[in-house]
Amino acid sequence: MREYKIDIAGSEIEIHEDVVSRSQCRDLAAFEQLVRKYQPYAFSLAMKFLCDEAEASDVVQDSFLRVWKNIDRYDPNQKFSTWLYKIVANLCVDRFRALKRTRSLFLSRERDPMMEDLPDERNWETLRSHEELADIIRTLSNRLSRTQKLVFTLRDLQDLTVGEVVEITDLSIGSVKTNLHYARKSIRDALVRHFGVVRSDL
Amino acid sequence: MSCERYQRLLHLNRSGEISKHEADELRQHLRLCEECSLELQRIERADGFIDRLSAFSPAPKNPEKLTADILRRVRAESTAPKSLIPLDRLLDFFLLPSVRYSTVAIVLLITMTFMTQLLVMLNDISDLELRMASPLRNKAAEATYTMQSKTLQGVAESERGKFLKENVSFTVTNDRIDVPVKDVDTFLTDYNLRNLPAILGASALGIDQKTLEKIVTEVKATAERSFRLDGKGA
């Protein structure tokens, strides 16, 4: 049995555990609470990885459907968000692969995103829309492998710990670090090449 | 140590991906190495942009619709008739192409093996029947042992020998003695030949021991089995 401190955070965990266990008993109202709570996390990861709102929405729907089907297999000792991220990440990678195949079949002449298309430095301060974010990430991660992109998205864009990334991707810690190193180096080099080392006046 | 290793550490060290020991080493190296210090500057510059991306949490334009869509699909999934009957699952299993084709292949293989074995067995049986129904077997009762004994012939032709011809089923012609198998099969072995005196009624004929032994030796030496088919000789 776990003990919880009687504070806001603790009671939140208790409520959360209750919601999960009631969902495991096929309680749709509880599952709705779960969806409302975790949908933003799932969408954020899918959007940052796939860089397309319609595709990200589809993946989020598929992910929660999979959560509902497999909720019996969820181990309460694991963080629910990690379990959800793992499902979302798997579906994202599948979708990414399928999209790449379709694009190479039908849109082979589509030009690669260019660094010149990145917004001005001052506009980064007021990053507001999906489209802007999607364009930037697509441009920066264009040269990354699928694994490098996934590790970078989870660690640097979604701010998960290395331990969580290991759990989600099923990669070894060494492999996560290697992929992270190459991804960061590639993206940082591109950014510095484009914007220069010295910060321009805003 | 080469700068390559430190630059790897530099890129990894965003928020605690390297150990404290590695961080200390890196700090010391940065004090001395201009190239790596410049790399750190570049990294910090680039991370200003990455932090912007990280801080931005994209939310669906219509989160309520997304939630509603998810719940609609979940409800449809929950109310959809679920095949829980084992038989249905089994049938579903056999609808998989790989399972279907391999099952057909296995059934065919088993059938063919059985058919082959059955044919071999039938062939064996008919072969056996043929052999059992062979003329040799049918005529076995008419088989005879042919033996030669000049001494026995001499005895048979003597005055006392008439008794022998009348009481024993062998036929003695010239120096040949033909014995029907049904009579001799049981005793015409090394051992049973020694019982010949009883058959011949040796004592009745008054054959002495020496003459008898001579007959036995001669009979033994010449005994050979032959078959007389249709009474005409094999």
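Cys51(A) sits in the loop between α2 and α3 of chain A. The helix names come from DSSP runs numbered from the N terminus: a helix is a run of H or I of at least four residues, and a strand is a run of E of at least two. Cys51(A) is buried, because 24 other C-beta atoms lie within 10 Å. Here "buried" means 20 or more other C-beta atoms within 10 Å of a residue's own, "exposed" means 12 or fewer, and "partly exposed" is in between, with C-beta atoms placed from the backbone. Cys51(A) also has a positive phi of about 55 degrees, although it is not a glycine.

A quick word on what you're looking at: this is a predicted model, in which local features need pLDDT of at least 70 and side-chain atom pairs count only at pLDDT 80 or more, while totals for chains, interfaces and linings use all residues. Residues are numbered from 1 along each chain as its sequence is written, and chains are lettered from A and ligands numbered from 1 in the order in which they are written.

Now compare another loop residue. Asp170(A) is in the loop between α8 (162-169) and α9 of chain A, and this residue has a positive phi of about 65 degrees without being a glycine. Is Asp170(A) buried or exposed? Asp170(A) counts as exposed, because it has 10 C-beta neighbours inside 10 Å.

Let's step back to chain A as a whole. Chain A has nine helices and zero strands, so to speak an α-α-α-α-α-α-α-α-α pattern when you read along the sequence. Of its 202 residues, 32% count as buried. Take the contacts in chain A between residues at least 6 apart in sequence: 64% of them join residues at least 24 apart. A contact means that two residues have their C-beta atoms, placed from the backbone, within 7 Å.

Back to the helices on either side of Cys51(A). How do two packed helices get described? The description uses the angle between their axes and the distance between the axes. For α2(A) and α3(A), the angle is about 140 degrees and the axes are 8 Å apart. The axes are lines fitted to C-alpha atoms, for helices over the stretch in contact, and angles run from 0 to 180 degrees between N-to-C directions. That makes α2(A) oblique to α3(A); angles under 35 degrees count as roughly parallel, over 145 as roughly antiparallel, 65 to 115 as roughly perpendicular and the rest as oblique. Residues making this contact include Phe31(A), Phe43(A) and Leu50(A) of α2(A), and Val59(A), Phe64(A) and Trp68(A) of α3(A). By class, the contact has 12 nonpolar, two polar and two charged residues. In this scheme Ala, Val, Leu, Ile, Met, Phe, Trp, Tyr, Cys and Pro are nonpolar, Asp, Glu, Lys and Arg are charged, and the others, Gly among them, are polar.

Zoom in on Val59(A), which lies in helix α3 of chain A. Val59(A) is buried, with 27 other C-beta atoms within 10 Å. Leaving aside neighbours within four places in sequence, Val59(A) is in contact with Ala46(A), Leu50(A), Val88(A), Leu91(A), Cys92(A) and Arg95(A).

α3(A) also has a partner in the other chain. α3(A) packs against helix α4 (residues 63-79) of chain B at an angle of about 40 degrees, with axes 9 Å apart, and the two are therefore oblique to each other. Among the residues in this contact are Phe64(A) and Trp68(A) of α3(A), along with Ile70(B) and Val74(B) of α4(B).

What about the whole meeting place of the chains? The contact takes 41 residues from chain A and 32 residues from chain B. On the chain A side, the largest share, 11 residues, comes from α2(A). That side has 22 nonpolar, six polar and 13 charged residues.

Finally, look at α6(A), where Leu133(A), Ile136(A), Ile137(A), Thr139(A) and Leu140(A) are buried. Seen down the axis of α6(A), these buried residues fall within an arc of 160 degrees, so they line one face of the helix; the arc is that of the directions from the helix axis to the C-beta atoms. What covers them includes α2 and α9 of chain A together with α3 (34-55) of chain B.
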